[in-house]
Amino acid sequence: MSVMTKELTTPLDRLIAGWDDEVVEFNEAGDGFSTSEIRKYISALFSEANLRGTSSARLVFGENNKTPHVVGTGYRPELGSLQSLIVQIAEGAEPRRVFCNIHGVADLDGCVVRMGVPPAPRGIPIAWNGHYYARAGESVVPLALDKLDEIRGQTLAHDWTAVVVPEATLADLDQVAIARARQGFVERHGSRIPAADITAWDDATFLARAKLTRNGSITRAALLLLGSDDSRHLLNPHLAQLTWNLRGEEQAYEHFHLPFLLTATALSKRIRNVQVRLLPPDELIYREISKYDERSILEAIYNCIAHQEYRANSRIIVTEYVDRLEFISVGEFYDGAPDEYALEGRMPRGYRNPFLVEAMTQLNLIDQMGYGIHRMVQDQVRRFLPLPDYDLATPGEVKLTIPGAVIDEAYSQLLMVRTDLPFGDVFALDRVQKKLPIADDAVQRLRRAKLIEGRKPHLHVSAAVAAATGGKADYIRTRALDNKHYEKLVIEYLTSFGTASRAEIDSFLVDKLSDALDGEEKYRQVSLLLTRLRRGRKIENVGSRKLPVWRLTR
């Protein structure tokens with residue numbers, strides 16, 4: 001909201017009197033002041049207001065920042081332009097939301113623009129374009145790691161899912177979901193608790209034994225997993241929603257609400273899990289596999305539910321593409337890194353939502369040992385498909401991708417014939433097929449095993465492996481030939497035609513270079529080749545530097 005009133009100068013005077021460098025920024029700010037700089041200031045003020053426990057911070061334009069007094073500003077004098085700043089500030093923010101109250105203040109000495117910035121939510125620092133900011137006196141600086149850890153650690157002692165919902169009763173739970181929960185509890189505990197005893201428990205006793213209630217009261221975790229669709233208002237304003245989103249030639253979407261115990265399965269059934277045909281090397285009969293492993297789909301959805309940061313008021317999104325599934329949940333990857341779980345069998349030390357995780361474990365939906373990621377990876381290996389990928393590049397968000405199609409046929413066929421490969425080698429080869437970097441020791445190990453060839457970063461399946469897996473054509477197309485081969489081609493060309501411009505040499509050579517190189521890399525390769533020939537006195541430039549004309553040295 002933007003207003004122009006003399007009455008607002010009184011709180012402004014109080015703000016000047018109680019000036020604090022860390023939570024108030026005064027700036028003269030001309031009419032061309034950068035919006036990106038405003039975003040950095042506000043990101044910093046969010047953090048500082050949170051860390052200092054203040055109700056709000058302030059960014060004030062039209063004040064001298066050395067000895068605060070009104071000097072006036074010409075920043076966005078139009079009312080509509082000032083109001084649109086709220087939306088522009090939110091662009092590039094993570095989490096994205098409308099943050100600021102903006103007031104235009106008419107003063108006798110000029111116009112002042114005052115922005116009110118609330119503290120960042122507990123445990124959730126606010127980033128712009130992936131970067132966090134803080135204040136150091138009058139300067140905006142990157143948010144130090146100790147401050148970042150302090151904000152993120154604010155939720156450790158408070159589990160949102162463990163909170164009791166006073167208005168909720170047993171009538172707010174879905175009876176079909178409770179029956180399904182009993183079944184899961186029997187599957188997990190049937191070896192030590194007779195199934196007949198579990199069936200005989202009343203609902204209140206069962207919910208207590210399943211760790212879904214506290215002192216007989218319904219928790220948020222109980223509502224998430226077992227709540228009826230009509231009870232979701234009890235979790236407002238926190239969004240309890242799963243969304244399936246179909247992308248491609250066909251487009252569709254569907255929202256799924258409570259109870260998650262049932263709707264997670266309903267969402268998984270919306271995914272078109274058709275059969276995929278793979279041809280093993282030296283065989284004439286195709287092998288048919290499902291595009292996705294059903295257990296992996298549910299594992300991914302349950303992990304999103306268990307580890308979602310529900311305070312961020314965001315839905316869980318499952319996007320289906322032609323060749324992959326993407327699962328997006330809000331909240332940093334809580335403990336360690338995904339590769340540690342896939343490769344090393346890491347066991348998590350803690351959870352964002354320990355109460356919910358414990359309940360889901362009791363119902364046999366997940367385990368608490370960190371085996372879920374490792375199991376999804378092994379399912380892909382068993383089915384000869386690319387491995388799942390975790391993308392943590394977006395602050396406050398985790399994206400899991402499960403491929404549902406072959407990327408490199410040689411890789412998939414290799415898995416069919418080399419079932420003895422150590423998982424570390426499979427993991428590295430998967431990164432090679434995806435054109436991702438791998439560690440130097442992995443490169444050396446794969447070279448010794450003759451599994452890869454090429455120079456970093458253009459590694460590819462070696463000739464021996466390609467031949468064994470039917471990938472000979474791809475190998476010849478992507479492997480880099482010796483430099484002398486290309487030098488010989490240039491010399492033969494100039495012998496035949498006498499001279500050649502750079503454009504003519506590019507046209508002659510580019511389609512003969514490795515397909516592993518992009519256009520710019522091929523251009524640089526030709527430049528290096530011509531430089532080597534010139535320094536070796538095999539060719540010379542009889543044109544200009546800008547428009548070279550090459551011929552053989554006489």
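Colleague: What makes lysine 538 partly exposed?

Modeller: This is a predicted model, and in it lysine 538 has a relative accessibility of 42%. Buried means under 20% and exposed means over 50%, so with 42% lysine 538 counts as partly exposed.

Colleague: And glutamate 487, is that buried or exposed?

Modeller: Glutamate 487 has 11% relative accessibility, which is under 20%, so it counts as buried.

Colleague: How do you know that lysine 538 and glutamate 487 form a salt bridge?

Modeller: The closest N and O atoms of the two are 4.0 Å apart. The rule asks for a side-chain nitrogen of Lys or Arg within 4 Å of a carboxyl oxygen of Asp or Glu, so the pair is called a salt bridge. Lysine 538 sits in the loop between helix 21 (519-535) and strand 22 (539-541), while glutamate 487 belongs to helix 19 (residues 483-497), so parts 51 residues apart in sequence are tied together.

Colleague: How many salt bridges does that rule give?

Modeller: The count is 28 salt bridges. Some share partners, and in this way Asp323, Arg324, Glu326, Asp391 and Lys399 are joined into one network.

Colleague: What makes arginine 272 and glutamate 250 a salt bridge?

Modeller: Their side chains meet at 3.1 Å, N to O, and the cut-off is 4 Å, so the label applies. This pair also links distant parts of the chain, 22 residues apart: arginine 272 is in the loop between helix 9 (260-270) and strand 13 (275-278), and glutamate 250 is in the loop between strand 11 (242-246) and strand 12 (252-256).

Colleague: Why is glutamate 250 called exposed?

Modeller: Its relative accessibility is 52%, and exposed means over 50%, so glutamate 250 passes the cut-off. Arginine 272, with 37%, is partly exposed.

Colleague: What makes strand 16 and strand 18 a pair?

Modeller: Strand 16 (residues 324-330) and strand 18 (residues 397-403) are joined by seven bridges. Pairing needs at least two, so they qualify. The two strands run antiparallel, and valine 330 stands opposite glutamate 397 in strand 18.

Colleague: How do you know that the length of helix 5 agrees with expectation?

Modeller: The 15 residues of helix 5 (residues 175-189) should span 21 Å at 1.5 Å a residue, and the end C-alpha atoms are 21 Å apart, so the values agree.

Colleague: What puts the buried residues of helix 5 on the same side?

Modeller: Those residues are Ala177, Ile178, Ala181, Arg182, Gly184, Phe185 and His189. They cover an arc of only 165° around the axis, which places them on the same side of helix 5. In general, an α-helix has 3.6 residues a turn, so residues three or four places apart point the same way. The cover over the buried residues of helix 5 includes helix 6 (195-200), helix 7 (203-209), helix 8 (220-226), helix 9 and helix 12 (354-362).

Terms used:
Residues are numbered from 1 along each chain as its sequence is written. This is a predicted model: local features need pLDDT of at least 70, side-chain atom pairs count only at pLDDT 80 or more; totals for chains, interfaces and linings use all residues. Side-chain values use heavy atoms; hydrogens and water are left out. Helices (H or I, at least four residues) and strands (E, at least two) are DSSP runs, numbered from the N terminus. Buried means under 20% relative accessible area, exposed over 50%, partly exposed in between (1.4 Å probe, protein chains only). The expected span of a helix is 1.5 Å times one less than its number of residues. The arc is that of the directions from the helix axis to the C-beta atoms. Contact means heavy atoms within 4.5 Å.
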